[in-house]
Amino acid sequence: MKIGITCYPVYGGSGVVATELGKALAARGHEIHFIAYSLPFRLSNVTGNIFFHEVNISSYPLFEYPPYSLALTSKMVDVALYEELDLLHVHYAIPHATSAVLARQILDERLKNVPVITTLHGTDITIVGQDPSFRPVVAYSINQSDGVTAVSDYLKNETYKHFDIEKDIEVIPNFIDTESFYRSEKDYFRRALCPNGEKVLIHVSNFRPVKRAQDVVRVLYNLREAELPVKLLLVGDGPDRMPAEHLARELGVQEDVRFLGKQDPVMEILSVADVFLMPSGSETFGLAALEAMACEVPVVCSDIGGLPELVEHGESGFLCDLGDIDAMTEYTRELITDDELHQRMSKGARERAHHFDVKRVIPRYESYYESILSTGVAEAR
Ligand code: GMT
């Protein structure tokens, strides 16, 4: 198949999923055309059957807000026609689904039939999409897509709950390549970070308020108050990084917290960690947690959103009530003080990650593409 993929090319879960999906599909012989405003950050080399088409937006004195969605639509039309795409698969509804639906209408006029598949990822439904400035257009674009997928049952249900949706939504979870994403020996790094054999907690996110990064600092503080030897690594960057830094200083634990900024890939850093903390207020799947689990790091997270579909309480991690920092502290304490429990749950985390292996999930996308192409939805439009 010749597939056009559009995503946000920057640091973020939907971009990672879209890029890894494109790479995996290309490895299975499909021709993949990424259409985005810059090279997706996990797509370092564009070779063989992977192509990249950059969306350029012309500036014009009238444009205080340059119309990116329209430039994207035009690029989709161009690529679909000249590369003879079979379908467009867009990740994150805003504005990608809308641009794709419009592109398909333009292509219809030119007698080129290109179905649109939209994958819903998270805040496009749970937060941003519900803003009145986007809501009607999000609902319309989902309903007008030929196929719709969501990354968890939770997200599927939220979409039906908050929008008037007539379409069937197929759940296809996030995935990981467990053959290339695994815990590796990084003893020298660990010794440098923890010269006195401290345990390592880790949090990886884009530091938006929804990630509640400050809760992680509070967990570390509680553990240090209990005189447990522990360090915290914070990976990523965003609006809540500075407040988290300030909080660490205010609580006097700044010496035990390392802010590493944006890092990719995170496999090597995850390989020195003992516990992954994810206190998010909303999380449709939790790809960062899955990456940690593939590296044998048990997860202590909020019992919200799609996280219970990923983390099995007591097996691969612990689920806590949202904002319950004491519970998060207690479960983390158990994991860093009970070696037997930690070993069992590290193994459980890796086993759970296998359940979401790329080899299991990519064929589900392929079958879904085939079903959309074969139902002739596009012809019937
Ligand atoms: O909101 C983010 O953190 C980024 C967002 C995205 O769409 O880029 O991530 C969402 O999609 C990921 C991939 O499907 C999921 O694993 C994340 O759970 C989800 N984030 C949220 O729901 C907050």
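**Notes on a predicted model**

1. A place to begin is Lys-347, a residue that lies in helix α14. The coordinates belong to a predicted model, and the remarks that follow should be read with that in mind. With a relative accessibility of 55%, Lys-347 counts as exposed, because the threshold for that class is over 50%.

2. Helix α14, which spans residues 339-354, packs with helix α11, which spans residues 287-294, and the angle between them is about 120° while their axes lie 7 Å apart. This geometry makes α11 oblique to α14, since an angle of 65 to 115 degrees would count as roughly perpendicular and one over 145 as roughly antiparallel. As for handedness, α11 passes α14 in a left-handed crossing.

3. Which residues of α11 and α14 make the contact? From α11 come Leu-290, Met-293 and Ala-294, and from α14 come Ala-349, Arg-350, Arg-352 and Ala-353. By residue class, the contact of α11 with α14 comprises five nonpolar and two charged residues, with no polar ones.

4. On the α8 side the contact is made by Gln-214, Val-217 and Arg-218, and on the α9 side by Pro-243, Ala-244, Leu-247 and Ala-248. Sorted by class, the residues in the contact of α8 with α9 are five nonpolar, one polar and one charged.

5. Turning to the domain level, the protein is divided into domain 1, given as 2-175 + 358-380, and domain 2, given as 187-354. How far apart are the C-alpha centres of domain 1 and domain 2? The C-alpha centres of these two domains lie 31 Å apart, and the contact between them takes 20 residues from domain 1 and 20 residues from domain 2.

Technical notes. Residues are numbered from 1 along each chain as its sequence is written. This is a predicted model: local features need pLDDT of at least 70, side-chain atom pairs count only at pLDDT 80 or more; totals for chains, interfaces and linings use all residues. Side-chain values use heavy atoms; hydrogens and water are left out. Axes are lines fitted to C-alpha atoms, for helices over the stretch in contact, and angles run from 0 to 180 degrees between N-to-C directions. Helices (H or I, at least four residues) and strands (E, at least two) are DSSP runs, numbered from the N terminus. Angles under 35 degrees count as roughly parallel, over 145 as roughly antiparallel, 65 to 115 as roughly perpendicular and the rest as oblique. A crossing is left-handed if the near helix is turned anticlockwise from the far one by less than a right angle, and right-handed if clockwise. Contact means heavy atoms within 4.5 Å. Ala, Val, Leu, Ile, Met, Phe, Trp, Tyr, Cys and Pro count as nonpolar, Asp, Glu, Lys and Arg as charged, and the others, Gly among them, as polar. Buried means under 20% relative accessible area, exposed over 50%, partly exposed in between (1.4 Å probe, protein chains only). Domain bounds come from an automatic or database domain assignment.
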